[in-house]
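Student: I'd like to learn how to read a structure like this one. Can you walk me through it, one feature at a time?

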Amino acid sequence: KPELYLVSSCLTGLCTRYDGKTKQDMACLERLKGKIWIPICPEQLGGMPTPREAADICGGDGYDVLCGRARVRTKTGTDVTRQFIRGAEQVLAIARSQPVTAVLLKARSPSCSSTGVCGVTAALLSKHGFKLEEFG
Ligand code: SF4
């Protein structure tokens, strides 16, 4: 039975980034060869449009956002914390509904990055024991 993965949509070539572009990643696609995968974009699942204003975590990382110690704001100061948490919860719901081997996530994203400043979705998935891999 082939393994099943969730993967950040933009890594697969879908134009889900804040600027409406893609960050297709050949190493990630190679990793997914022969596997079944489901593309997910937490920021879209959280209800934000594409393109959208770039956003960043202020005052901590994704774990701090989940605990209410930090907020997510766009470049012009709009608070989008609620949307980021909702997107993370939606991805968690998808991950829990399937026998997922690992989640492949985009680096340097306030939602998806799993190293350095951990994003909100990566933090929630990690808290629930999912194996994460980073690309891009
Ligand atoms: Fe969506 Fe994550 Fe890619 Fe950003 S990095 S476009 S939130 S999948």
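Student: Which residues is Val120 in contact with, leaving aside its neighbours within four places in sequence?

Tutor: Val120 is in contact with Gly62, Val65, Leu66, Val72, Phe84, Ile85, Ala88, Pro110 and Ser111. Val120 also turns up, together with Leu104, as one of the residues with the most contacts inside the largest nonpolar core, which has 32 residues. Several elements supply at least two residues each to this core, among them β1 (4–8), β2 (36–40), α5 (81–96) and α6 (120–127).

Student: And α6 itself, is it mostly covered or mostly open?

Tutor: To judge that, you count residues: one is buried if 20 or more other C-beta atoms lie within 10 Å of its own. In α6, six of the eight residues are buried, so the helix is mostly covered. The buried ones are Val120, Thr121, Ala122, Ala123, Leu124 and Leu125. They pack against α3, α4 (62–67), β4 (71–74), α5, β5 and β6 (132–135).

Student: Now the ligand. Which residues surround it?

Tutor: Around the ligand you'll find Ser8, Ser9, Cys10, Thr16, Arg17, Cys41, Pro42, Glu43, Lys106, Ser109, Ser111 and Cys112. Sorted by class, that shell has five polar, four nonpolar and three charged residues. Two helices, α1 (9–12) and α3 (42–45), each supply at least two of the shell residues.

Student: What about backbone geometry? What should I look out for?

Tutor: Most residues other than glycine have a negative phi, and most peptide bonds are trans. With that in mind, look at Arg108, a non-glycine residue with a positive phi near 55°. Arg108 lies in the loop between β5 and α6 and counts as partly exposed because it has 13 C-beta neighbours inside 10 Å. For the peptide bonds, check Thr50 to Pro51: that bond is cis, with omega near -5°. Pro51 is found in the loop between α3 and β3.

Student: Now the whole fold. How many helices and strands are there in the protein?

Tutor: The protein has six helices and six strands. Along the sequence they follow the pattern β-α-α-β-α-β-α-β-α-β-α-β. The radius of gyration is 14 Å, close to the 14 Å that the globule rule gives for 136 residues, so the protein is as compact as a globular protein of that length. Of those 136 residues, 40% count as buried. Among contacts between residues at least 6 apart in sequence, 63% join residues at least 24 apart.

Student: Last one: how do I read the confidence scores?

Tutor: Where pLDDT is low, the predicted coordinates should not be read in detail. Here the mean pLDDT of the protein is 97, and 100% of its residues reach 70 or more. The model also scores ipTM 0.99 and pTM 0.97.

Notes. Residues numbered from 1 in each chain as written. Predicted model: local features only at pLDDT ≥ 70, side-chain atom pairs only at ≥ 80, totals over all residues. Near = placed C-beta within 6 Å. Helix = DSSP H or I, 4+ residues; strand = E, 2+ residues; numbered from the N terminus. Nonpolar A, V, L, I, M, F, W, Y, C, P; charged D, E, K, R; others polar. Core = buried A, V, L, I, M, F, W, Y, C linked by C-beta atoms within 7 Å. Buried ≥ 20, exposed ≤ 12 C-beta atoms within 10 Å, placed from the backbone. Contact = placed C-beta atoms within 7 Å. pLDDT = per-residue confidence, 0-100. Rg over C-alpha atoms; globule rule 2.2 N^0.38 Å.
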